[in-house]
Amino acid sequence: MRRLGSVQQKVPCVFVTEVKQEPSTKRDSQQFQVVATARVSPVAVDAQVHRAVATEKLDGTCCYVSVYKGRPHLWARLDRKANKQAEKRFKKYQRSHHGCKGFLWSVEEDFKPVPETWVPALRVKHHEGHPVPDEHGHIPGWIPVEKDSKQYCWHASVLDPDLRAALVLRPCAEDEDALEVAALPLANLLEQTLELIGTNVNGNPYGLGSKKAPVHLLVSHGALRIRDPPPVDFQQLCSWFRESPEGRVEGIVWHCPDGTLVKLHRHHLGLRWPEGGPSLGERAAVVAVGSGEHGVDRKDLFALLSALSGRRFSRLTDIAAAL
């Protein structure tokens, strides 16, 4: 089974999109929304999307495992954004030119500072030694997650710095209908991007954990494949999201044969998210974190899940009650 593509840039919609001047179904304060048309995008057609692997799009925050200080390390997503003056200039240009083509940035002057450890994402274009912003005026990038970081404490909660391992949610090898919570060496995840989901991420649409017992997990991008996905057809996809039990997902990401990624979000179809109980939280789950690795005084997520190792739960969301 080939490893599917990593997410280093914003993923485009599988359909050609258009802007409608109506309240967004995604952001309450936004008075417009980007919606899909029925036409498959040229990028998707050229990448042979009809031969792609369809996977669940997860509602979390993007992470990356790469080397830092000579060892495998978890990195958090941090996009470098324009300062207020440059952002105003950029938006004014977009309105007058109906797009951003031709807009000139000064990376040194127009962008907010970032920590010295920040690095631009892979495949970010460079000009004269400086990373070039994308069409949204952002420079995608990464920052290493430090053990005692307050800003990235939920990222750090899925790590065991002594074992150099991370808590990962993945399909169960013995049961295709179930999920497995496992502790994997960071070395096994090198150069993968993953989604951090859980109690304190994006409003916790999957219902994981609680304020008293927060639960956060990493999921490798492309790990959750959609069984019997609908064809890339506007009407059939609309019906699948509305009517299929498997359609209770935030969206689909297609991993094309040439490595291109394209997506479809429920909001592209004017559908709300979350809607009902997302299917991920309803799936059975097995805990396989291992035991005997942690001191009796430890109360972190690794130690708590280790105590549950070997147990099977009828729903992923039920794990929190046993912590």
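Guide: Let's go through strands, cysteines and a cavity, one at a time.

Guide: This is a predicted model, where local features need pLDDT of at least 70, side-chain atom pairs count only at pLDDT 80 or more, and totals for chains, interfaces and linings use all residues. Residues are numbered from 1 along each chain as its sequence is written, and side-chain values use heavy atoms, with hydrogens and water left out.

Visitor: What is the order of the strands in the open sheet of three strands?

Guide: Strands of a sheet pair through backbone hydrogen bonds, either parallel or antiparallel. Here the order is β3-β17-β18, with antiparallel pairing. Strands are DSSP runs of E, at least two residues, and helices are runs of H or I, at least four, numbered from the N terminus; two strands pair if DSSP finds at least two bridges between them. β3 (53-57) and β18 (261-265) are the edges, each with a single partner strand, so one side of each has no neighbour in the sheet.

Visitor: How many bridges join β3 to β17?

Guide: Five, with β17 covering residues 251-255.

Visitor: Is strand β4 largely enclosed or left open?

Guide: Buried means under 20% relative accessible area, exposed over 50%, and partly exposed in between (1.4 Å probe, protein chains only). In β4 (residues 61-68), six of the eight residues are buried, so the strand is largely enclosed by the rest of the structure. β4 pairs antiparallel with β15 (residues 193-198) over four bridges, and Cys63 has Leu194 as its bridge partner there. On β5 (residues 71-77), β4 makes six antiparallel bridges, and Ser66 is partnered by His73. In the hairpin of β4 and β5, two residues sit between the strands, and Lys69 takes a positive phi near 55°.

Visitor: How many disulfides does a search of the whole structure find?

Guide: A disulfide is a pair of cysteine sulfur atoms within 2.5 Å, and the search finds zero. Take Cys153: the closest cysteine sulfur, in Cys63, is 13 Å away from its own, too far for a bond. Cys153 is partly exposed, at 30% relative accessible area, while Cys172 is buried, at 9%.

Visitor: Which residues line the largest cavity?

Guide: On a 1 Å grid over the protein atoms alone, a cavity is a set of points where a 1.4 Å probe fits but cannot get out, and lining residues have an atom within 4 Å of a point. The lining includes Val181, Leu208, Gly209 and Ile319. The volume, the space filled by probe spheres set on the points, is about 60 Å³ for this cavity.

Key. On a 1 Å grid over the protein atoms alone, a cavity is a set of points where a 1.4 Å probe fits but cannot get out, and a pocket is an open set with protein on both sides within 12 Å along at least five of seven lines; lining residues have an atom within 4 Å of a point.
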